[in-house]
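The sequence and structure are shown below.

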Amino acid sequence: MQDKNIESSVDISDEKIHWKQDVSYGQYLDLDGLLNLQNLRSGKHDEMMFVIIHQASELWMKLSIHELSAAMKSLDEDNLGIAMKMIARIARIQEQLTQSWNVLATMTPKDYLSFRDSLGQSSGFQSYQYRMIEFALGNKNKDMVKAHEGHPEIFNLVSQVLNAPSLYDLTLQLLSRRGFDVPEECLNRDWAMPYEGHKKVEDIWKEIYQNSDQHWELYDWAEKLVDLEHRFQSWRFAHMKTVERIIGFRKGTGGTSGVNYLVKALDLRFFPELWTVRSIL
């Protein structure tokens, strides 16, 4: 059996680097397992790209959930500075997710149709990680949980996020703790229902924006949220245009309405007053 402490050396120009290797790069990242997860069903060339892009997207979403959960915990504990760092990181992750659609857009309709039947009824609509992110950001919709009823563990996981305060709910609670008069109906409500904008909350943000020197931390937090939603919407738009480019307006796999559904999603807002306040400043 090979000793796990492997003496290794690598020549770089005129220098030689030595190290004792107890865990290799491949072992640390479990590359053998990761690189054997691309199980193609059709044998068609373009299916490899399709699978890898979606698998990589799920990994980025896993990281987003990791950061978002920690940010929400920090926000609830009044550690706003820590939460801002994590939210800024999620916004950059969104850039990676958006870029993935540019790669997928190199696929032509013929390329996609060559393996489309192999997908069966599978659909990105069924991504439970994506649904958890949307719920945590505030796009609550009880009907969306039904897609996971056949998988009790996942169903319970998604339901927990549905029934918990969103990032914006926690933000409103923070504003209340900071002395702002947030309406009671915004602070104590059914978390499984989508939040609806309130004029008094809009007035609070107006006060913060007009007196940013006095409320700098909250002002900075508001802009972090706006940046996050802006990048999320950019991802949604890129998704919609890529789907339109590849399949047009035909129905998506899994029975979804395809592009029409994605177009409607562009009208959704996570943090409504942070957008409407811009019109009254």
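## Helices H3 and H8

In this predicted model, the axes of H3 and helix H8 (residues 167–177) come within 9 Å and cross at roughly 15°. Because angles under 35 degrees count as roughly parallel, H3 and H8 are described as roughly parallel to each other. The crossing of this pair, H3 and H8, is left-handed.

## Helices H3 and H4

Two packed helices are described by the angle between their axes and by the distance between those axes. For H3 and helix H4 (residues 80–104), the packing angle is about 165° and the axes lie 8 Å apart. That angle makes H3 roughly antiparallel to H4, since angles over 145 degrees are placed in that class. H3 passes H4 in a left-handed crossing. The residues of the contact of H3 with H4 comprise 20 nonpolar, six polar and two charged ones.

The loop between H3 and H4 contains Asp 78. The phi angle of Asp 78 is near 65°, which is a positive value in a residue other than glycine.

## Helices H10 and H11

Helix H10 (residues 199–210) packs against H11 at an angle of about 115°, and their axes are 9 Å apart. H10 and H11 are therefore roughly perpendicular to each other. The crossing of H10 and H11 is left-handed.

Helix H11 (residues 216–247) has 32 residues, which at 1.5 Å a residue should span 46 Å. The C-alpha atoms at the ends of H11 are 46 Å apart, in agreement with that expectation. Just after H11, Gly 248 adopts a positive phi of about 65°.

## The loop between H1 and H2

A further positive phi belongs to Asp 30, a residue other than glycine, with a value near 50°. Asp 30 is found in the loop between helix H1 (25–28) and helix H2 (31–34).

## The second largest pocket

The volume of the second largest pocket is about 290 Å³. The pocket is lined by 14 residues, and those closest to its centre are Ser 69, Met 72, Met 132, Ala 136 and Val 161. The elements that contribute two or more residues to this lining are helix H3 (47–76), helix H6 (128–137) and helix H7 (152–162).

Which classes of residue make up the lining of the second largest pocket? By class, the lining has 12 nonpolar and two polar residues, and no charged residues.

## Summary of H3

H3 takes part in several of the features described above. H3 is roughly parallel to H8 and roughly antiparallel to H4. H3 is also one of the elements that give two or more residues to the lining of the second largest pocket.

Key: Residues numbered from 1 in each chain as written. Predicted model: local features only at pLDDT ≥ 70, side-chain atom pairs only at ≥ 80, totals over all residues. Heavy atoms only, no water. 1 Å grid on protein atoms, 1.4 Å probe; cavity = no way out; pocket = protein on both sides within 12 Å on 5 of 7 lines; lining within 4 Å. Points joined across faces, edges and corners; volume = space filled by probe spheres on them. Helix = DSSP H or I, 4+ residues; strand = E, 2+ residues; numbered from the N terminus. Nonpolar A, V, L, I, M, F, W, Y, C, P; charged D, E, K, R; others polar. Axes fitted to C-alpha atoms, helices over the stretch in contact; angles between N-to-C directions. Parallel < 35°, antiparallel > 145°, perpendicular 65-115°, else oblique. Left-handed = near helix turned anticlockwise from the far one by under 90°. Expected span 1.5 Å × (residues − 1).
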